[in-house]
Amino acid sequence: MVNDEHPDDRVGLAEASPHYHGHRDRLRARFRDAGSDAVTDYELLELVLFRALPRRDVKPLAKALVARFGSFAEVIAAPPQRLAEVAGLGEAAITDIKIVQAAAQRIARGEVKRRTVLSSWSAVLDYCRTAMAFADKEQFRILFLDKRNQLIADEVQQVGTVDHTPVYPREVVKRALELSATAVILVHNHPSGDPTPSRADIQMTQAILDVAKPLGIALHDHIIVGKDGHASFKGLRLI
């Protein structure tokens, strides 16, 4: 068979191949061989975006997302409507980002459920931060425990505004009784990032303690999570 293709033509075809194809291969190889610690936040985001945007150089987009939201974790936790404000980020890419968030939350929840809560406190904190630290509104959730401190249920009780969540102590205790829980851990987030308990947080916690204790329901802790860390009422000796 005669090849009519001139050598210079083959060079031209090679040069026409998008420059980012080699970058994608190298980045995947680095992640595969050296693990996640070998890639930066924006590079990890690039890996997420590759599938949804197969014919684009996604490095500038990944860098823009991290610059706008602050970190990989904040990008994947950002509300879809805010992600949609970023030029070049379509519905498919936003869906892939939210799938990553859902996977992270489910993995964290699985780790908590497989272990005794009080003997794996770091897993509880990791789960709470994954689920809530980067939310744009306050959420109040409760971890319900049995007499062996195993997790019975994790439920979001209320979702509030950027700085307030209404909580009703009797509803908290009522739900604990329905689940036959003997102890609870309260968790909520501060979208501001600062996990320092407010006066309202302290008063609400004391109100729940006052209702729960006579009914034999222990309040193990109240954890506040934020981008800047966490605060434990027990650690601060507030309960």
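Start by selecting helix 4, residues 59-69, and show what its buried side chains pack against: helix 3 (41-52), helix 5 (72-77) and helix 6 (80-83). Helices here are DSSP runs of H or I with at least four residues, strands are runs of E with at least two, and both are numbered from the N terminus. Before moving on, note that this is a predicted model, in which local features need pLDDT of at least 70, side-chain atom pairs count only at pLDDT 80 or more, and totals for chains, interfaces and linings use all residues. Residues are numbered from 1 along each chain as its sequence is written, and side-chain values use heavy atoms, with hydrogens and water left out.

Now colour Leu61, Ala62, Leu65, Val66 and Phe69, the buried residues of helix 4. Buried means under 20% relative accessible area, exposed over 50%, and partly exposed in between, with a 1.4 Å probe and protein chains only. Which side of helix 4 do they take? They share the same side, because they cover an arc of only 130° around the axis; the arc is that of the directions from the helix axis to the C-beta atoms. Step off the end of helix 4 and you reach Gly70, with a positive phi near 115°.

**Helix 3 and helix 7**

Axes are lines fitted to C-alpha atoms, for helices over the stretch in contact, and angles run from 0 to 180 degrees between N-to-C directions. To see the meeting point, pick Val48, Leu49, Arg51 and Ala52 in helix 3 together with Ala92, Ala93, Asp96, Ile97 and Val100 in helix 7. Contact means heavy atoms within 4.5 Å.

While you are on helix 7, select Gln101. Is Gln101 buried or exposed? Its relative accessible area is 16%, so Gln101 is buried. Not counting residues up to four places away in sequence, Gln101 touches Ile76 and Ala77.

**Helix 9 and helix 10**

Now jump to helix 9 (residues 169-178) and helix 10 (residues 199-212), whose axes come within 9 Å and cross at roughly 45°. This pair is therefore oblique as well. On the helix 9 side, show Pro169, Arg170, Val172 and Val173; on the helix 10 side, show Ala207, Ile208, Val211 and Ala212.

Centre the view on Val172 of helix 9, which is buried at a relative accessible area of 3%. Leaving aside neighbours within four places in sequence, Val172 is in contact with Phe140, Ile142, Phe144, Val167, Leu186 and Ile208.

**Two positive phi values**

Follow the chain into the loop between helix 9 and strand 3 (183-189), where you will find Ser180. Ser180 is not a glycine, yet its phi is positive, about 60°. Ser180 counts as exposed, at 57% relative accessibility.

For the last stop, go to the segment after strand 5 (229-232) and select Arg237. What is the phi of Arg237? The value is positive, near 60°, in a residue other than glycine. Arg237 is exposed, with a relative accessible area of 77%.

Definitions and conventions: Angles under 35 degrees count as roughly parallel, over 145 as roughly antiparallel, 65 to 115 as roughly perpendicular and the rest as oblique.
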